[in-house]
Amino acid sequence: MSADCLFCKIIKGDIPGTIVYRDEQVTAFRDINPAAPTHVLIVPNKHIESVNMLIVDDEPLIGHLFIAAKKIAAQEGIAEDGYRLVVNTNANAGQTVFHIHLHLIGGAPLKLQMG
Ligand code: 5GP
Ligand code: ZN
């Protein structure tokens with residue numbers, strides 16, 4: 001936990017968030033400014049600033065993040081139609097919250113094709 005981190009505060013319940021999934025390792029809540037009909041942020045309960053700060057011991061946690069994403073996509077009813085998973089890192093990618101998060105975006109055809 002980091003005292004001045006927005007997502008740590010949402011995980012702790014100090015700031016309200018619409019939680020859609022939670023377990024001992026990750027928490028997922030709706031993005032406040034959704035880019036598509038479904039836009040969920042999946043975050044580790046452990047404070048990690050970005051992909052750059054990952055350590056080898058975090059490997060199972062990051063795998064767990066993707067398994068949670070798969071479950072939430074099914075829960076949201078978007079698994080079959082499809083969705084995008086995005087992780088922004090630092091300035092060029094537009095990272096604004098420095099607690100690592102997986103964007104789960106779907107619910108409609110996504111206009112911007114990346115990759
Ligand atoms: P980034 O640009 O760092 O990859 O994504 C940060 C995301 O956090 C943005 O999509 C933004 O809309 C979302 N966000 C920022 N502040 C809040 C907040 O207070 N609550 C929630 N639920 N999402 C937020
Ligand atoms: Zn944090």
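Colleague: How many aromatic pairs does a search of the whole structure find?

Modeller: This is a predicted model, and a search of the whole of it finds one aromatic pair. The partners are F7 and F29, whose ring centres lie 5.2 Å apart with 75° between the planes, an edge-to-face arrangement. The pair links distant parts of the chain, since F7 belongs to helix α1 (residues 6-12) and F29 to strand β2, 22 residues apart.

Colleague: Are F7 and F29 buried or exposed?

Modeller: Both F7 and F29 are buried.

Colleague: What does strand β2 pair with, and in which sense?

Modeller: Strand β2 (residues 26-30) pairs with strand β1 (residues 19-22) in the antiparallel sense, over three bridges. A hairpin of three residues joins β1 to β2, and within this pairing F29 in β2 stands opposite I19.

Colleague: Turning to the metal, which protein atoms are the donors of the zinc ion (ligand 2)?

Modeller: The donors are SG of C5, SG of C8, ND1 of H47 and ND1 of H99, and they lie 2.0 to 2.3 Å from the zinc ion. Along the sequence these donor residues follow the spacing C-x2-C-x38-H-x51-H.

Colleague: Why is the arrangement around the zinc ion (ligand 2) called tetrahedral?

Modeller: The general idea is to compare angles at the metal with an ideal, which for four tetrahedral donors is 109.5 degrees. Here the four donor atoms subtend angles of 107 to 116° around the zinc ion, and therefore the arrangement is tetrahedral.

Colleague: Which of the words buried, partly exposed or exposed applies to C5, and which to H47?

Modeller: The general idea is that a residue counts as buried when its relative accessible area is under 20%. C5 counts as buried because its relative accessibility is 6%, whereas H47, with a relative accessible area of 23%, is partly exposed.

Colleague: Which residues come nearest to ligand 1?

Modeller: Of the 16 residues around ligand 1, those that come nearest are R30, D31, T96, H101 and H103. For R30, a backbone N or O atom lies 2.9 Å from a nitrogen atom of ligand 1, and for I32 a backbone N or O atom lies 3.3 Å from a nitrogen atom of the ligand. H103 takes part through its side chain, in which an N or O atom is 2.8 Å from an oxygen atom of ligand 1.

Conventions
Residues are numbered from 1 along each chain as its sequence is written. Chains are lettered from A and ligands numbered from 1 in the order in which they are written. This is a predicted model: local features need pLDDT of at least 70, side-chain atom pairs count only at pLDDT 80 or more; totals for chains, interfaces and linings use all residues. Side-chain values use heavy atoms; hydrogens and water are left out. Two strands pair if DSSP finds at least two bridges between them. Helices (H or I, at least four residues) and strands (E, at least two) are DSSP runs, numbered from the N terminus. Rings of Phe, Tyr and Trp (its six-membered ring) pair if their centres lie within 6.5 Å; planes under 30 degrees apart count as stacked, over 60 as edge-to-face and the rest as tilted. Buried means under 20% relative accessible area, exposed over 50%, partly exposed in between (1.4 Å probe, protein chains only). Donors are N, O and S atoms within 2.8 Å of the metal (3.2 Å for Na, K and Ca); water is not among the atoms, so sites may look incomplete. Four donors count as tetrahedral if all angles lie between 85 and 135 degrees; four count as square planar and six as octahedral if opposite donors are over 155 degrees apart and all others between 65 and 115; anything else is irregular. A residue is near a molecule or strand if one of its heavy atoms lies within 4 Å of it. A polar contact is a pair of N or O atoms within 3.5 Å; within protein, one must be able to donate a hydrogen and the other to accept it, and residues adjacent in sequence count only if both atoms are side-chain atoms.
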